[in-house]
Amino acid sequence: MRIFSNRQRTAFTALAIALCFAAPAAAQDQPAAAEVTADYAEQPDAARMAAADALVSMIVPTGGEEAERWAESFALPAFDNATAGMMDRPEIKTALRQFPRMRQITEGFIGQMRAIAVQSITSDFAAFRTAMSTAYARRFTVDQLTTITAFLSTDTGRVYNDRASEILSDDGVTAWQRAVAERTRTAMQPLVERYMEQVAELVTKAETNGGE
């Protein structure tokens, strides 16, 4: 009877954990912002908020299917890239070949996680738009916001706005991300395995003789 090896158990556990964190991480995976200057740190005034709202209305849809598509382009590239990297692990690929039912279960799990990643964004989209407007208003003057909005109103600006989200899905970018993920996984693997061994030892000890 075929059973999972310890490495396969570790790999599938890591896959589940990675996907749980991949979606929120995708939404947060942006370069660290420069410290907000004192002039922009206060609650923006009405004029600045109005200019920011005009800009955000061109960048972020108001809701519906368009918002869902936007959320998919925002959250899923990093999520899918993380998934692809995990699924490419030899121990997972071997297990999926050995256990066809496991492939079905895993693909269903990934599909559910993808849906949650998008729904988590669209469920509170109005608050997100407000947060975006406030963030822009805190960092740019009315003139700057107006200039950016004017650019996005041009033919080139509209093309940029429509296609900017595709950059993170570019083959070259995703290949680099997978390479980084693989280097990280390789470095972390011994630590994960040792951690799981230590946990198993403590559980066994507690179960057998009431140890700590």
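Helices (H or I, at least four residues) and strands (E, at least two) are taken as DSSP runs and numbered from the N terminus. By this definition the protein chain has ten helices and zero strands. From the N terminus on, its elements run α-α-α-α-α-α-α-α-α-α. The model is predicted: local features need pLDDT of at least 70, side-chain atom pairs count only at pLDDT 80 or more, and totals for chains, interfaces and linings use all residues. Residues are numbered from 1 along each chain as its sequence is written, and side-chain values use heavy atoms, with hydrogens and water left out.

Confidence is expressed as pLDDT, the predictor's confidence in each residue, from 0 to 100. The mean pLDDT of the protein chain is 77. A value of 70 or more is reached by 78% of its residues. Among the elements, helix α8 (residues 142-152) has the highest mean pLDDT, 96. Helix α2 (residues 38-41) has the lowest, 46. Over residues 36-41 the pLDDT is below 50. Beyond near neighbours in sequence, this stretch has eleven contacts (heavy atoms within 4.5 Å) in the model.

The accessible surface (Shrake-Rupley method, 1.4 Å probe) comes to about 13,600 Å². Carbon and sulfur atoms account for 59% of this surface. Among contacts between residues at least 6 apart in sequence, 82% join residues at least 24 apart.

A nonpolar core is a set of buried Ala, Val, Leu, Ile, Met, Phe, Trp, Tyr and Cys residues joined through side-chain atoms within 4.5 Å. The largest one has 25 residues. V60 and F125 have the most contacts inside this core. At least two core residues each come from α3 (46-59), α4 (64-87), α5 (90-98), α6 (100-122), α7 (125-139) and α8. Helix α4 gives the most, with seven residues. Leaving aside residues up to four places away in sequence, V60 touches W70, F125, F128, R129 and M132.

Helices α5 and α6 pack at an angle of about 115° (0 to 180 degrees, between N-to-C directions). Their axes, lines fitted to C-alpha atoms over the stretch in contact, are 5 Å apart. L96, R97 and Q98 of α5 meet P100, M102, R103 and T106 of α6.

T149 is found in helix α8. T149 is buried, with a relative accessible area of 14%. Not counting residues up to four places away in sequence, T149 touches A51, A54, L55 and M58.

Note on methods: Buried < 20%, exposed > 50% of the residue type's maximum accessible area, 1.4 Å probe, protein only.
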